[in-house]
Amino acid sequence: MNRNSPVDLPEGYVEFYKNLETWQNEQQIRLQQKCSYERVDEVLPLLSEQKKPIMILGQFVVDPVQYRAVFVSLLAFMSEARPDLKEAMDNLIKDIEQLDFQQLVKNLLNGKYEPFAALAETYGISSELLVFLFEHAVRPFLRIYAAPYQEQLYEDTFQHWDFPSQCPVCGSKSHFSRLRPIDSRRFMFCDRCFIEWEAKYLQCIHCGNDTPGTIKYLSIENDESHQLYTCEKCKGYLKTYNEKQGGRGVDLFIANIETIYLDLLAQEKGYTNHDV
Ligand SMILES: [Zn+2]
Ligand SMILES: [Zn+2]
């Protein structure tokens, strides 16, 4: 059991994600020298004007040969971490030459999942698992792409970017924020490309509601550092790590996973993160 969690997560659940993150970090370091991306200049005015994530505006593409190597490495990682999936991973490796990585990654980044469903069926695995593999193999590339934008995007992002729940670099939806200890300003976190951006402290990230008294927060007994912010207008919620209460910075990727009990609590109380 995870000692921070009032509910029992499945055995090895958090450990698996910690190891996956370590693997991704290693891939990122290895790829750092090999990947160079064209930069979009002056991103803030562009975001205000175009209202689209930088990845779309900058036409981000992944080299299919490099991607394939990362994908193969992920299959090896998965075989080790999840022996129950080894056979499925071996079947994928056997057919690796047949897979059109250029097209598949393009589909993934555009949120087109139908081709994955068809492909998963031929391997006798779930479409969710196949998408999970493609998604996690693309993240080291996305993080390299996103990192140089962090400084520009950090503070006052909400003045230029109208979609606080959506990552301004990769467009992924965020479910987690932190409050900075010195001034309690709120920074959203993207667990996909690892970018943070500022959202207003007391405004619902889902519907924009900021009527006084309708944004509330709750936390679990004995833990003031992990909080839920809820909106009475759209019944949305946002998980938040209060760094001041917690007394230290945390790995936000892992904190999001470790706090599944907050999602359960929110849903029990009738709130939603508005995921489709
Ligand atoms: Zn992102
Ligand atoms: Zn709302």
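Predicted model: local features only at pLDDT ≥ 70, side-chain atom pairs only at ≥ 80, totals over all residues.
Two strands pair if DSSP finds at least two bridges between them. Residues are numbered from 1 along each chain as its sequence is written, while chains are lettered from A and ligands numbered from 1 in the order in which they are written.

**Stop 1: two domains.** Select 13-148 for domain 1 and 154-268 for domain 2; these bounds come from an automatic or database domain assignment. Taken over C-alpha atoms, their centres are 25 Å apart.

Now look where they meet: 16 residues of domain 1 are in contact with 16 of domain 2 (contact means C-beta atoms, placed from the backbone, within 7 Å). On the domain 1 side, helix 1 (13-32), helix 2 (43-50), helix 3 (54-57) and helix 8 (127-146) each give two or more residues. Helices (H or I, at least four residues) and strands (E, at least two) are DSSP runs, numbered from the N terminus.

**Stop 2: helix 8.** Select 127-146. This helix has 20 residues and reaches 27 Å from first C-alpha to last, close to the 28 Å expected at 1.5 Å a residue; the expected span is 1.5 Å times one less than the number of residues. Where does helix 8 bend? Go to Arg139, where the bend is about 35°, and find the proline Pro140 following within four residues. The bend is the angle between axes fitted to the seven residues ending there and the seven starting there.

Stop 3: Next comes an open sheet of 6 strands in the order 3-2-1-6-5-4, with mixed pairing. Its edges are strand 3 (196-199) and strand 4, each pairing on one side only.

Select 215-220 and 223-231 to see strand 4 and strand 5, which pair antiparallel over 6 bridges. They form a hairpin with 2 residues between them, and Asn222 in the turn has a positive phi of about 65°.

**Last stop: helix 12.** Select 260-268 to find helix 12 lying across strand 5 and strand 6, at about 40° to strand 5. Such angles run from 0 to 180 degrees between N-to-C directions, with axes as lines fitted to C-alpha atoms, for helices over the stretch in contact.

Note on methods. Contact = placed C-beta atoms within 7 Å.
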